[in-house]
Amino acid sequence: MYARAVAAATTVLLGAMVLSPTAEVLAAGGHERPLIVGHRGAAAYAPENTLPSVDKAAALGCRWVENDVQRTRDGELVVLHDDSLRRTTNVEQVFPGRAPWKVKDFTAAEISRLDAGSWFSPAYAGTRVPTLKQYMRRVEQRHEKLLLEVKNPELYPGVERQILKLLGHEGWLDRRHLTDRLIVQSFSADSVRTVHRLDPAVTTAFLGRPATADLRRYAGFADLINPSWTTLTTEYVSRVHAVPGPHGSPLRVFTWTVDDAPRARTVSGYGVDGIISDRPDVVRAALDAP
């Protein structure tokens, strides 16, 4: 549906080679509080990485949601955190003879048969593992923004190109999305570098805490450095902010996974630009409190 318009827009963008990354993210340093990102939707309140979790995040007023993307045996991009289906579906009951139940060993049709909600609560029985396309469309419907994690890219050669192709087809590589609605991240520096090389206009993030001496190297391909809250200090955040990223703006910091009020206030005091949380409402209330 969007292919022709997206192709034209992408040509213009790539002709310029760079586009200012997500505006809201790069302005976050001037905000009174960090941006709040719903982790895997709103994972404390609905089964993670599912459409009901996106809905719950929206109901909580969360403007950003995070997800994890992997690939099935027949090449479908699906939203699931673990490389195994065991923890968050009933795969052991439906396919008892196929241990260790790796995502890459199942077709999309097989995964679509699984219950991805009952493990969390009987209220979510029958919830399915969404495809990335389904997830993105729900995020769009809920007027949310997406922090997309390329999960286990070493298991899925070429997955970065495939993700970008789907993003383009679904209209997520136009100027509006690129400047204000999309970040692609990974724990793999090579994967983040690949996304930046394939489409320099996409805002990218590295999950982890590089040594301060290495920050300029990471700044060649990542707009954000996103470490665990357990590794953060005010000094480290300041060091990150002092380094210009690939689009010329200072690197920013989103931290994870912060679910209680005292910790939210602590990391906000460090100067982080975003907080990723299973309980975005708790973080918001903590940061809004006088």
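1. Basis. This is a predicted model, in which local features need pLDDT of at least 70, side-chain atom pairs count only at pLDDT 80 or more, and totals for chains, interfaces and linings use all residues. Residues are numbered from 1 along each chain as its sequence is written, and side-chain values use heavy atoms, with hydrogens and water left out.

2. Confidence. The average pLDDT (the predictor's confidence in each residue, from 0 to 100) is 92 for the chain, and 89% of the residues score at least 70. Residues 1-20 have a pLDDT below 50; this stretch has 26 contacts in the model beyond near neighbours in sequence. A contact means heavy atoms within 4.5 Å.

3. The loop between helix 4 and helix 5. Helices (H or I, at least four residues) and strands (E, at least two) are DSSP runs, numbered from the N terminus. P100 lies between helix 4 (91-94) and helix 5 (108-111), and is joined to A99 by a cis peptide bond with omega about 5 degrees. W101 is in the loop between helix 4 and helix 5 as well. W101 is not a glycine, but its phi is positive, near 60 degrees. At 8% relative accessibility W101 is buried (under 20% relative accessible area; exposed is over 50%, partly exposed in between; 1.4 Å probe, protein chains only).

4. W256 and T257 are linked by a cis peptide bond, with omega near -25 degrees. T257 sits in the loop between strand 8 (252-255) and helix 12 (261-270).

5. R40. This residue other than glycine has a positive phi, near 55 degrees. R40 belongs to the loop between strand 1 (35-38) and helix 3 (51-59), and counts as buried at 13% relative accessibility.
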